[in-house]
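Please keep the structure open as you read.

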Amino acid sequence: MQSSTIKNAIISVLLVTTLSFSYNYYKASQELDRINAILESNPRLKSCFTHPRKIAFMQKGGEYLPDYENPRTLNDKVAHLLENYFWKSPITRVIGTKYFAKKYVADMVGEKHVVPLLGVWDNPEDIDWHRLPNKFVLKSVRGNYGREVIIVTDKSKLNIPDTIDQLKKFCEVPGMIDIHKKRIIAEELLENDGKPIMDYKFFCSYGKPLVAYCLEMKDSSNTDIDSKTFSFYTLPDWKALPVKAGKHERNNLPKPKNFEKMLEICKKLSTPFPLIRIDLYENGSRVLVGEITEDASGGKNIMKPVIWDFKLGENIPVATEEEIAKMIERDKEISEKYLKL
């Protein structure tokens, strides 16, 4: 009898719970349908919620909904310019590929600030290995956050067939932009008395360096960005900011020896752009340009505390549609020269 009573009580609880859940689910579904109807009737509002870049940002751990209509944060402004300017301008094919960018940088600040090019090939099977020195670096022209890079410190130990297969895989991955045919380059290997080369990255706006961050490799053979320490630094006093980027460990590194020369190069290279990142290496007395990039983590760089994403975006102007249109027309003339190379 007691067992039957307990059984009936459990059934009653389950029934009530099921009915309650069904009612709540029904109400939630109604609310979702209402929201979807509003979004479908307003394409601009819908883009605020369904934009793939915003979804990716939130999935990575973003603590605010990005706003590309009225960008305020550093991430917002990177993404806003990507979609409204850089992806529409031919200049991106120049500065965004490591082969064309070398020619552009040489013209802007001098060839002495370009990492020496050892070769460029449309097909990895065409590489003339005999002509390459004992030490060198192989890259796809995209770079892909350091993941499409092979460091060779002793050519005699290199497995060439395996390397060719790896380079072919680099070439098979579609880029975000049309990167022409020049897919693989070889560069001089930069060394620093056996220590990893520091990667100094400067966010700049119309010729003004705003803030820098420095990546330090823990392992000189691993160029993947995820394996590096990462800290932001104020300019020009070079003080580490209390902000953590993604899952990176922070670092606290001294101001570069050639800091003033770095600022000078950044000013010249960034003058045409509302927001651009100039990446530099310090190799002895040399300052070399690693890349000019419009795509700083695609506007998905998670910062903690999140207030720093807003603070770092404060001094970056938002270009108007008219200003962007003029920049694109200007870029067409500039790009024509380099895209024929």
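What do the side chains of glutamate 83 and arginine 53 form where they meet? They form a salt bridge, with 3.6 Å from N to O. Keep in mind that this is a predicted model. Glutamate 83 belongs to helix α4 (residues 74-84) and arginine 53 to helix α3 (residues 52-60), so their pairing ties together parts that lie 30 residues apart in sequence. How well covered are the two partners? Glutamate 83 has 25% relative accessibility, so it counts as partly exposed. Arginine 53 has 9%, which falls under the 20% cut-off for buried residues, so arginine 53 counts as buried.

Another one joins the side chains of lysine 337 and aspartate 107, at 2.9 Å from N to O. Here the link spans distant parts of the chain: lysine 337 sits in helix α10 (residues 321-338) and aspartate 107 in helix α6 (residues 98-109), 230 residues apart. Lysine 337 is exposed, at 51% relative accessibility, while aspartate 107 is partly exposed, at 45%.

Now look at the strands. Lysine 201 and aspartate 279 meet through their side chains in a salt bridge of 2.6 Å, N to O. Lysine 201 lies in strand β5 (residues 199-205) and aspartate 279 in strand β9 (residues 276-283), so this pair too links distant parts of the chain, 78 residues apart. Both of these residues are buried. They also belong to one network, in which salt bridges with shared partners join Asp199, Lys201, Arg277 and Asp279.

Next, turn to the nonpolar side chains. The largest nonpolar core has 61 residues, and those that touch the most other members are Tyr85, Phe86, Phe202, Phe232, Leu280 and Ile292. Helix α8 (residues 259-270) gives this core its largest share, six residues. Apart from this core lies another, of 14 residues, including Trp121, Ile127, Leu138 and Leu167. Tyrosine 85 is worth a look of its own: leaving aside residues up to four places away in sequence, among those it touches are His80, Ile91, Phe273, Ile324 and Asp331.

Finally, step back to the whole protein. It has 10 helices and 11 strands, and 47% of its 341 residues are buried. Of the contacts between residues at least 6 apart in sequence, 62% join residues at least 24 apart. The accessible surface comes to about 18,400 Å², and carbon and sulfur atoms account for 53% of it.

Definitions and conventions: Residues are numbered from 1 along each chain as its sequence is written. This is a predicted model: local features need pLDDT of at least 70, side-chain atom pairs count only at pLDDT 80 or more; totals for chains, interfaces and linings use all residues. Side-chain values use heavy atoms; hydrogens and water are left out. A nonpolar core is a set of buried Ala, Val, Leu, Ile, Met, Phe, Trp, Tyr and Cys residues joined through side-chain atoms within 4.5 Å. Buried means under 20% relative accessible area, exposed over 50%, partly exposed in between (1.4 Å probe, protein chains only). Helices (H or I, at least four residues) and strands (E, at least two) are DSSP runs, numbered from the N terminus. Contact means heavy atoms within 4.5 Å. Accessible areas come from the Shrake-Rupley method with a 1.4 Å probe; for residues, only the protein chains shown count as cover. A salt bridge is a side-chain nitrogen of Lys or Arg within 4 Å of a carboxyl oxygen of Asp or Glu.
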